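Me: I'm new to reading protein structures. Could you look at this one with me?

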Amino acid sequence: MTVSMGKRAGKPRRRMEQFSAADAAIMIIIVLLCLTCVLPFVHVIAKSLSSSAAVLSKRVFFWPEGFNWDAYTRVLNSSLMVSQLGFTAQITIAQTVLSLVVTALCAYPLSRRYLPGRFVITMIIMVTMYFSAGLIPTYLLYKDIGILNTVWALVLPGAFSAYNMLIMRTYFMTSIPDSLEESAIIDGASHFTVFARIWLPLSKPVFATLALWVAVARWNGYADAMYYTTKRTLQPIQYLLYNMILSARPSESLSGESQIGAALSAPEALQCAVIMFATVPILVIYPFLQKYFVKGVMLGAVKG
Amino acid sequence: MIAQRSLGRPLKRSFGTGSVPGRAIAAAAKYWQLYAMLVLPLAFVILFNYCVYPNLRIAFMNYRPAKGWASDWVGMGTFAKVFKDKDFFRAFRNTLVFNIADIILQFPAPIILALMINELRAKAFKRVSQTILYLPHFLSSVIVASVAYTLFRPETGLVNVALTNAGFIAKGIPFLTEKWHWVITYLTINIWQQIGWGSIIYLAAMMGIDPTLYEAATVDGAGRFKRLRHVTLPGIRPTIVMLLIMRMGQLLGSGFERLNAFGNVNVREFQYQLSIYVYEKGLGPAGDFSRSAAVGLFQTLVGLVMVLLSDRAAKLLGEDGLV
């Protein structure tokens, strides 16, 4: 390659090309794409802050008409909404913490190249990525071990994921030099100490990434609540929202489950306020963790 | 961190024995802390994955709740019943067609976006737009569906109101309430939701391309498009192949939460896919556990076979493949 560089070798690498029509076209496309991500939510916010009359007369676009907080106060006055928001926050935090602990405990030993049996154990765990038993066998297991219709069915099974473990393991193996471990062990440190004092403090990015993924997945999920629970107190916020939109859909036959939805159903402003309650927590944590997760995705691409 | 469970401590004396069990004991003694860390995670894997596998036997039984695990064995009988089932056929057809459409339309979208982002030179613009484009990935299917209904309702949806006010249409378009429109809207929203997130991995692969290749291409007179065609694309090719193989494993996958959130009576013809089938037949009023489990097993097996086949095909074509 250096040969073809010819006499220009040593000059600045790539000459800046002129800002061309192609650049302009790309920027316009990307701006439009970004607008499709932002405008729907501006619209939802505007509707949630508008009077019902304005919403019904289709006057609300991207700015509230007849500004008021009624929809939000109505949500906050609904004890069901408030208690289930709190419940969702609790299971989200619990699952995230548990997940980080279990994943790290698994990833660290498996990241030690010298550990006998490491390959076999990794394989045992990876099988679960490609072979899932499916809904009914899982349902029967939960029934047998007695976690059906309890909060544990929503917290425990999602706490460990082979994929997340592999990402953390790759991080432990590639981003922290093994020489740190060697010198600590020579100084008499135990494996626990090396893990807790050296590896954990150096692994903030991967912890932030996985925390974001697990927390978002738990906050956003509702299928497991639909599968494994029937109690109203165990319904995550997304499930309530699902019941609400269900009741607002055309000619939907209302099944027993959507009675709550029917009860809440829904001046559109109210629906929009609930959408905001379900979205805002994600919008709040997202910017703080965003700088980390790109790295996490890249680690996922490295084959273990 | 964890209860100090000693796996090998009393055996420490036998350290250094040459035989296989001897070496295992020696390793256990030397690394017991590392093995102890694995106890809790392995307990999770065994309980929530490996303990589920034996329950797959239900697919080969005619499960009756009254009899429980003492129900009659029927061998492949359940599968024979399933493959004759009209509902199954419809769900299977929809799942397959949606996945093929998704692979053709959605799979290339992040690659194209990554190529465009890669061409951006204004740093701040690049950063801000990426942040915005990744966001939809983090929204739940219920939120996306509710926002979609807010935007696309025939009478009151923003898009239809705007189009009507502008005089383009006289009557609202039933984006989500007529089955053919629904297919297009559903697939498009999926592209929209995943395009930004999907591009990250390709952008990462592009960063890994040796810059001297670009220099050489420039010196040889390659313009931007030629560099894209002859340097960037070949550079991300292994990533594309790997992701395509993994995508093939999802050929019969159908996300329950999304489909369920987007469903309504008018579009059930197409929205009825395998995940809905498994849920309704299994946990619905019918409660046919065996049939539902058989379909779930079928989905998993097809996925496995597809991964192995496409990995094989990739290798025959001279690509790296998965492993």
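Reply: Happy to! This is a predicted model, in which local features need pLDDT of at least 70, side-chain atom pairs count only at pLDDT 80 or more, and totals for chains, interfaces and linings use all residues. Residues are numbered from 1 along each chain as its sequence is written, while chains are lettered from A and ligands numbered from 1 in the order in which they are written.

Me: What makes H7(A) and H14(B) oblique to each other?

Reply: Helix H7 (residues 135-145) of chain A and helix H14 (residues 274-283) of chain B pack at an angle of about 45°, with their axes 10 Å apart. Angles under 35 degrees count as roughly parallel, over 145 as roughly antiparallel, 65 to 115 as roughly perpendicular and the rest as oblique. H7(A) and H14(B) are therefore oblique.

Me: Which residues of H7(A) and H14(B) meet?

Reply: Leu135(A), Ile136(A) and Tyr139(A) meet Val278(B), Tyr279(B), Gly282(B) and Leu283(B). Ala, Val, Leu, Ile, Met, Phe, Trp, Tyr, Cys and Pro count as nonpolar, Asp, Glu, Lys and Arg as charged, and the others, Gly among them, as polar.

Me: How many residues of chain B are in contact with chain A?

Reply: 78 residues of chain B are in contact with 80 residues of chain A, where contact means C-beta atoms, placed from the backbone, within 7 Å. Helix H2 (residues 32-50) of chain B gives the most to this side of chain B, with 11 residues. That side has 54 nonpolar, 19 polar and five charged residues.

How values were computed
Contact = placed C-beta atoms within 7 Å. Helix = DSSP H or I, 4+ residues; strand = E, 2+ residues; numbered from the N terminus. Axes fitted to C-alpha atoms, helices over the stretch in contact; angles between N-to-C directions.
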